[in-house]
Amino acid sequence: MARTTFFASTICFQLLTINTVMAQSSEPIIIAHRGASGYLPEHTLEAKAMAHAMDADYIEQDVVLSKDDVPVVLHDIHVDTISDVATRFPDHKRADGRYYALDFTVVELKQLHVCERFNAKTGKQVFPKRFPKGISSFQIPTLEEELELIAGLNQSTGRIAGIYPEIKQPAWHLKEGHDISRIVLSILHKHGYKTKQDRCYIQCFEHDEVIRLRNELGWEGRLIMLMSGGTRGPGKTDFDHLRTPEGLAELAKIADGIGPDIGSIITAKREVTNLVKNAHAQKLQVHPYTLRIDELPRFAKSTDDLLDLLFHQAHVDGLFSDFPDVALLWLKQNTK
Ligand code: CA
């Protein structure tokens, strides 16, 4: 094929398919948890580029707001366990001793040096074998910078990775006077993520907000109810109820799937619970979190053992992983 013809057909193909899939795939998906965060500081653009290069199906964004209402990609509403904020802005501390992204303009957040996650008390990095803390140079990305990065890589590589934004603590943001969900939705719309045909899942731990996203705010794309292993969550969130067949039936009216912890699917005694079966009975997808090869659950004999339990015994539809390459390789070698 002549190069120009190939180029033209590639462009046409990309125009049709960027961010879009025509039908729901039944193949399991691997979601790069905070990017390829097992290898580079979480939620940096570098970690996201690496996840894309590793062929992750979806790349996760945790989203919080800055003081000037710019969505930025951070796991926590605090910035003091992944950056040098305490030395750079010592007077921005709240009475509880923490530094909140919401107290900084995006220009200020951009001045922070991001590093591997560390323990606020000891200063030691949480995962000692991961990227060394404090070397090289990393920044907090805005959500838009990250969406642009992924769209750019989708075009330049011809391989389409989806996005998987989590709206962090919407009730807390609202209490502070900021409507994070509304702002995030407007940015997703601007970047072409609108319907269930688009490669985007919104996720949230707050049941009230998942309902609000679908009903009041009119999100027409895919929606995942996250579930902690605990009994209750923020607001009226009742995880114990949501895990029951009745709770899952209610969820299925608004959500496309659930994101439970691994412990809700495989017990400490290596038994598969009914959660996936009951969710599938309601046509809900199940994407548990999180595969960390340097922090396996106690019941797992190895990474391969855990992946076998999740995909071949429990039949989950996807998995969050700090090490997307490990999960993808296992699926390639072990999918029948
Ligand atoms: Ca998350």
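This is a predicted model: local features need pLDDT of at least 70, side-chain atom pairs count only at pLDDT 80 or more; totals for chains, interfaces and linings use all residues.
Trainee: Hi! Which residues are the protein donors of the calcium ion?

Mentor: Glu60 and Glu166 each give an OE atom, and Asp62 gives an OD atom. These donors lie 2.2 to 2.3 Å from the calcium ion.

Trainee: How are the donor residues spaced in sequence?

Mentor: The pattern is E-x1-D-x103-E.

Trainee: And is Glu60 buried or exposed?

Mentor: Glu60 is buried, and Asp62 is buried too.

Trainee: New topic: how much space lies in the second largest pocket?

Mentor: That pocket holds about 280 Å³.

Trainee: Which residues lie nearest its centre?

Mentor: They are His33, Asp261, Tyr289, Thr290 and Arg292, out of 20 residues that line the second largest pocket. By class, that lining has eight charged, seven nonpolar and five polar residues.

Trainee: What about cavities, how many of 30 Å³ or more are there?

Mentor: The count is two. The largest cavity has a volume of about 80 Å³, and the second largest cavity has about 50 Å³.

Trainee: What lines the largest cavity?

Mentor: Its lining includes His33, Arg34, Glu116, Arg130 and Asp322. By class, the lining of the largest cavity has seven charged, two polar and one nonpolar.

Trainee: And how does the lining of the second largest cavity divide?

Mentor: There you find six nonpolar, four polar and one charged. Among the residues lining the second largest cavity are Val73, Leu74, Ile82 and Gln139.

Trainee: Where does Glu42 come in?

Mentor: Glu42 lines the largest cavity, and Glu42 also lines the second largest cavity.

Conventions:
Residues are numbered from 1 along each chain as its sequence is written. Side-chain values use heavy atoms; hydrogens and water are left out. Donors are N, O and S atoms within 2.8 Å of the metal (3.2 Å for Na, K and Ca); water is not among the atoms, so sites may look incomplete. Buried means under 20% relative accessible area, exposed over 50%, partly exposed in between (1.4 Å probe, protein chains only). On a 1 Å grid over the protein atoms alone, a cavity is a set of points where a 1.4 Å probe fits but cannot get out, and a pocket is an open set with protein on both sides within 12 Å along at least five of seven lines; lining residues have an atom within 4 Å of a point. Grid points are joined across faces, edges and corners, and a volume is the space filled by probe spheres set on the points. Ala, Val, Leu, Ile, Met, Phe, Trp, Tyr, Cys and Pro count as nonpolar, Asp, Glu, Lys and Arg as charged, and the others, Gly among them, as polar.
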